[in-house]
Amino acid sequence: MTRYKCECGKEKDLAKATIVLIDGKWVAKEALCECGLYMDSKPTEGMPSLKRTEPSLSKKNDRLWKDTKEKFLN
Ligand SMILES: [Zn+2]
């Protein structure tokens, strides 16, 4: 289960996500918010959201996305 959060503040838990490329960004198709934006997945370890933009963390997120994409393609 992965928690997705929208910029508008809404959250959604998705057990399964279909990763699609929208506007040059990999997003979960099921994570489309009612406001029209795609929600971002958050690390579940309880990391402070302020640290979200740290280079090391976004690198980790990129890798997660790649892993997810590869799993999806396989
Ligand atoms: Zn929203």
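Predicted model: local features only at pLDDT ≥ 70, side-chain atom pairs only at ≥ 80, totals over all residues.
Let's start with the metal. The zinc ion is held by four protein donors, namely the SG atoms of Cys 6, Cys 8, Cys 33 and Cys 35, lying 2.3 Å from the ion. Seen from the zinc ion, the four donor atoms subtend angles of 101 to 122 degrees, and so the arrangement is tetrahedral. Along the chain, the donors follow the spacing C-x1-C-x24-C-x1-C. Cys 6 comes from the loop between strand E1 (2-5) and strand E2 (11-14), while Cys 35 comes from the loop between strand E4 (25-28) and strand E5 (40-41), so this pair ties together parts that are 29 residues apart in sequence.

How well covered are these cysteines? Cys 6 is buried, because its relative accessibility is 5% and the limit for buried is under 20%. Cys 33 is buried too, at 4% relative accessibility. Cys 35, with a relative accessible area of 42%, is partly exposed. As for disulfides, a search of the whole structure turns up zero.

Next up is the sheet. Three strands make an open sheet in the order E2-E1-E5, with antiparallel pairing. E2 and E5 are the edge strands, since each of them pairs on one side only. Between E1 and E2 the antiparallel pairing runs over four bridges. Here Thr 2 stands opposite Leu 14 of E2, and Arg 3 has Asp 13 of E2 as its bridge partner. The hairpin formed by E1 and E2 has five residues between the strands, and in it Gly 9 takes a positive phi near 105 degrees. On the other pairing, E1 and E5 are joined in the antiparallel sense over two bridges, with Ser 41 in E5 as the bridge partner of Tyr 4. In a regular strand, side chains alternate between the two faces of the sheet.

Strand E3 (residues 19-22) is where Val 20 sits. Leaving aside neighbours within four places in sequence, Val 20 is in contact with Lys 25, Trp 26, Val 27 and Lys 29. Val 20 and Lys 69 are 49 residues apart in sequence, yet their C-alpha atoms are 8.7 Å apart in space.

Now for the charges. Side chains of opposite charge can pair when their charged atoms come close. In this model the count comes to five salt bridges. One of them joins Lys 25 and Asp 40, with the closest N and O atoms 3.0 Å apart. This pair links distant parts of the chain, as Lys 25 is in strand E4 and Asp 40 in strand E5, 15 residues apart. Both ends are partly exposed: Lys 25 has a relative accessible area of 41% and Asp 40 has 21%. Elsewhere, salt bridges that share partners join Arg 3, Lys 5, Glu 11 and Asp 13 into one network. Within that group, the side chains of Glu 11 and Arg 3 meet at 3.0 Å, N to O. Glu 11 is partly exposed at 41%, and Arg 3 is partly exposed at 39%.

Glu 34 also forms a salt bridge with Lys 10, and their closest N and O atoms are 3.8 Å apart. Glu 34 lies in the loop between E4 and E5, and Lys 10 in the loop between E1 and E2, so the pair ties together parts that are 24 residues apart in sequence. Glu 34 is exposed, with a relative accessible area of 70%, whereas Lys 10 is partly exposed at 37%.

Methods:
Residues numbered from 1 in each chain as written. Heavy atoms only, no water. Donors = N, O, S within 2.8 Å, 3.2 Å for Na, K, Ca; no water. Tetrahedral: all angles 85-135°; square planar, octahedral: opposite > 155°, others 65-115°. Buried < 20%, exposed > 50% of the residue type's maximum accessible area, 1.4 Å probe, protein only. Contact = heavy atoms within 4.5 Å. Disulfide = S-S within 2.5 Å. Pairing = 2+ DSSP bridges. Salt bridge = Lys/Arg side-chain N within 4 Å of Asp/Glu carboxyl O.
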